[in-house]
Amino acid sequence: MFAAENGLKGDPRLQAISDAIRVVPHFPKQGIMFQDITTLLLDHKAFKDTVDIFVDRYRDMGVSVVAGVEARGFMFGPSIALAIGAKFVPLRKPKKLPGEVIAEAYELEYGTDCLEMHVEAVHPGERAIVIDDLVATGGTLSAAIRLLERVGAEVVECACVIGLREVQVIPSPFQCFPSSCLFHSFRKKKVCDELGDFSVHFVTVGDKDKNFGVLPLFLERQNVIVLTLCFPGKVGLIRCMDLILFL
Ligand SMILES: O=P(O)(O)OC[C@H]1O[C@H](OP(=O)(O)OP(=O)(O)O)[C@H](O)[C@@H]1O
Ligand SMILES: Nc1ncnc2[nH]cnc12
């Protein structure tokens with residue numbers, strides 16, 4: 001889904017949301033540009049607009065599960081769940097949930113971690129979305145997807161407020177696609193043939209450089225590809241795990 005196609009391009013709400021997110025250099029480690037959404041939460045209008053953008057997208061998609069990633073997915077997920085008539089399922093860090101859990105480990109931009117989910121919270125065949133504040137490497141969202149798919153849920157999409165454009169640039173076969181070609185291929189839905197057996201999974205409304213767009217993200221097992229339309233029309237491609245690049 002692209003901003004231009006869902007009416008978000010030029011939407012004044014996006015700039016206000018972006019402006020409300022504080023960027024803190026070198027937190028929690030040297031070199032990390034920390035995207036602090038707590039300042040967004042202080043701005044009632046920007047906070048509500050953020051939730052509304054997701055609600056508008058998901059209210060008619062037959063979603064019965066909103067899974068929120070601890071901790072910052074808890075700040076957006078429950079409001080979205082209430083508004084679209086879905087249940088909220090917390091995906092928590094280890095040893096926080098008292099019932100029977102399944103767990104998935106993952107790597108982070110700055111470390112490793114693990115998510116757990118109550119097994120009885122989601123039933124086979126349920127349609128789920130995953131909510132978090134931010135996608136960086138995609139490791140967290142990939143772990144969330146694995147948890148939901150292990151109990152038989154269908155993960156319709158993942159949605160984040162912020163998509164980071166960062167990390168390493170590593171040569172890959174995908175570099176042979178010029179960005180415009182990739183973009184147009186995607187728009188014509190041919191890109192899936194060219195990239196193999198991927199399915200659309202992710203939507204996000206912004207990135208750390210304040211260039212708001214919407215990210216469809218393709219998954220192949222644990223590998224993740226993000227195709228993003230960024231203002232003013234630049235397209236980026238990220239393949240996570242061992243490969244991250246921008247066109
Ligand atoms: O795309 P990724 O590289 O996986 O990173 C994204 C994750 O990192 C942050 O959480 P963090 O793990 O720092 O935990 P916190 O919310 O508890 O601080 C963020 O809220 C996402 O959940
Ligand atoms: N740069 C960043 N800012 C905030 N949260 C993050 N999680 C991973 N990278 C992050």
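**A tour of the cores and strand β3**

Start with the largest nonpolar core, which has 29 residues; select Leu40, Phe76, Ile80, Ile84, Ile129 and Val161, the members that touch the most others. The model is a predicted one. Next, colour the elements that each give two or more residues to this core: α1 (12–20), α3 (44–58), α4, β7 and β8 (154–163). Helix α3 supplies the largest share, 6 residues.

Now select Ile80 and show what surrounds it. Neighbours within four places in sequence aside, Ile80 is in contact with Val51, Phe54, Val55, Ile129 and Ile131. A separate core of 25 residues lies apart from the largest one; to find it, select Leu115, Ala121, Val130 and Ile145, which are among its members. In soluble globular proteins, nonpolar side chains tend to be buried together.

Move to strand β3, residues 65–69, where 5 of 5 residues are buried. Show the side chains on each face: Val65, Ala67 and Val69 are on one side, with Val66 and Gly68 on the other. Both faces are covered.

Strand β4 (residues 87–91) runs parallel to β3, with 5 bridges between them.

Finish by displaying β3, helix α4 (residues 73–84) and β4 together: they form a right-handed β-α-β unit.

Methods. Residues numbered from 1 in each chain as written. Chains lettered and ligands numbered in written order. Predicted model: local features only at pLDDT ≥ 70, side-chain atom pairs only at ≥ 80, totals over all residues. Heavy atoms only, no water. Buried < 20%, exposed > 50% of the residue type's maximum accessible area, 1.4 Å probe, protein only. Helix = DSSP H or I, 4+ residues; strand = E, 2+ residues; numbered from the N terminus. Pairing = 2+ DSSP bridges. Right-handed = clockwise from strand over helix to strand, strands pointing away. Core = buried A, V, L, I, M, F, W, Y, C linked by side-chain atoms within 4.5 Å. Contact = heavy atoms within 4.5 Å.
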